[in-house]
Amino acid sequence: MHSNDTSSRRLQEALLLARRKDGDRLTLDDATLAAALDGSRPLTSGERAALQASPLTVRRLRHLALQRRAAASTAWRGSRGALRAASTGLPAAIVTDDGWWTLHFIPAGGGWRTILQLAPQAPFAEALLVARAPLRVVDGAGGVVLAGQLDADGECEADWPFAAAPSDHLQAHGARFTVEPLEADTP
């Protein structure tokens, strides 16, 4: 989307939301608006007309949409990934099954450096970056591979904590890993 398109859309939204009408009231209930937002039930032509005629209802729809977006952005509870059966040697990167995280292994001196990278298109990316939420990566046996906070670039890095090389260690521990939020009460 071009900046002119974005500017035009924002101007239209601001004008629509700034509109006021004497005697205006909510013409559609929250359940109807929520169903339209999640796509479970489209608005009828009469409901669309009522929405367009009521600036207050338009503002309520926007409020509900923003609430949905905020809830979706904070709904992440973890992502799993696995070494692929065809992988031989050290993989340069392993991506979680949902595609939101990439785990990189970089040779560093006599050991390894592990870098966790958040995909910018992840629906919760902005919320995690703003919150600087602590997270960790655990292997298939629950061993902590990395723990920390994302930097401004959406990355977290640490030295590889195990004696075996990353591919050998992960293969020996279920060939899986999990990226998860680190709650305050989690060891």
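Colleague: Which residue takes a positive phi in the hairpin of E5 and E6, and how many residues lie between the strands?
Modeller: Start with the labels: helices (H or I, at least four residues) and strands (E, at least two) are DSSP runs, numbered from the N terminus. In this hairpin 4 residues stand between E5 and E6, and Gly 142 has a positive phi near 95°. This is a predicted model, in which local features need pLDDT of at least 70 and side-chain atom pairs count only at pLDDT 80 or more, while totals for chains, interfaces and linings use all residues. Residues are numbered from 1 along each chain as its sequence is written, and side-chain values use heavy atoms, with hydrogens and water left out.

Colleague: In what sense do E5 and E6 pair, and over how many bridges?
Modeller: Two strands pair if DSSP finds at least two bridges between them. E5 and E6 pair in the antiparallel sense, over 5 bridges.

Colleague: What is the order of the strands in the open sheet?
Modeller: The order is E1-E8-E5-E6, an open sheet of 4 strands with antiparallel pairing. Strand E1 (79-82) and E6 are the edge strands, each pairing on one side only. On average, neighbouring strands of this sheet are turned by 15° against each other, direction ignored. For such angles, axes are lines fitted to C-alpha atoms (for helices over the stretch in contact), and angles run from 0 to 180 degrees between N-to-C directions. As a general idea, side chains in a regular strand alternate between the two faces of the sheet.

Colleague: How many residues are in the largest nonpolar core, and which have the most contacts inside it?
Modeller: A nonpolar core is a set of buried Ala, Val, Leu, Ile, Met, Phe, Trp, Tyr and Cys residues joined through side-chain atoms within 4.5 Å. Buried means under 20% relative accessible area, exposed over 50%, and partly exposed in between (1.4 Å probe, protein chains only). The largest core here has 25 residues, and Trp 101, Leu 116 and Val 137 have the most contacts inside it. Among the elements that give two or more residues to this core are strand E3 (101-108), strand E4 (111-118) and helix H5 (125-131). E3 gives the most, with 3 residues.

Colleague: Where does Thr 57 lie, and why does Thr 57 count as buried?
Modeller: Thr 57 lies in helix H4 (residues 55-73). Thr 57 counts as buried because its relative accessibility is 0%. Leaving aside neighbours within four places in sequence, its contacts include Arg 25, Leu 28, Leu 33 and Leu 51.
Modeller: Arg 60 is also placed in helix H4, but Arg 60 is partly exposed, with a relative accessible area of 25%. Arg 60 touches Leu 26, Asp 30 and Leu 33, not counting residues up to four places away in sequence. Arg 60 and Asp 30 are 30 residues apart along the chain, and their C-alpha atoms are separated by 8.2 Å.

Colleague: How many salt bridges does the structure hold?
Modeller: A salt bridge is a side-chain nitrogen of Lys or Arg within 4 Å of a carboxyl oxygen of Asp or Glu. The structure holds 6. One of them joins Glu 47 and Arg 41, with the closest N and O atoms 2.9 Å apart. Glu 47 is buried at 16% relative accessible area, whereas Arg 41 is partly exposed at 30%.

Colleague: Which distant parts of the chain does the pair of Glu 157 and Arg 113 link?
Modeller: The closest N and O atoms of Glu 157 and Arg 113 are 3.0 Å apart in their salt bridge. The pair links strand E7, which holds Glu 157, with strand E4, which holds Arg 113, 44 residues apart. Salt bridges that share partners join Arg 113, Glu 157 and Asp 159 into one network.

Notes
Contact means heavy atoms within 4.5 Å.
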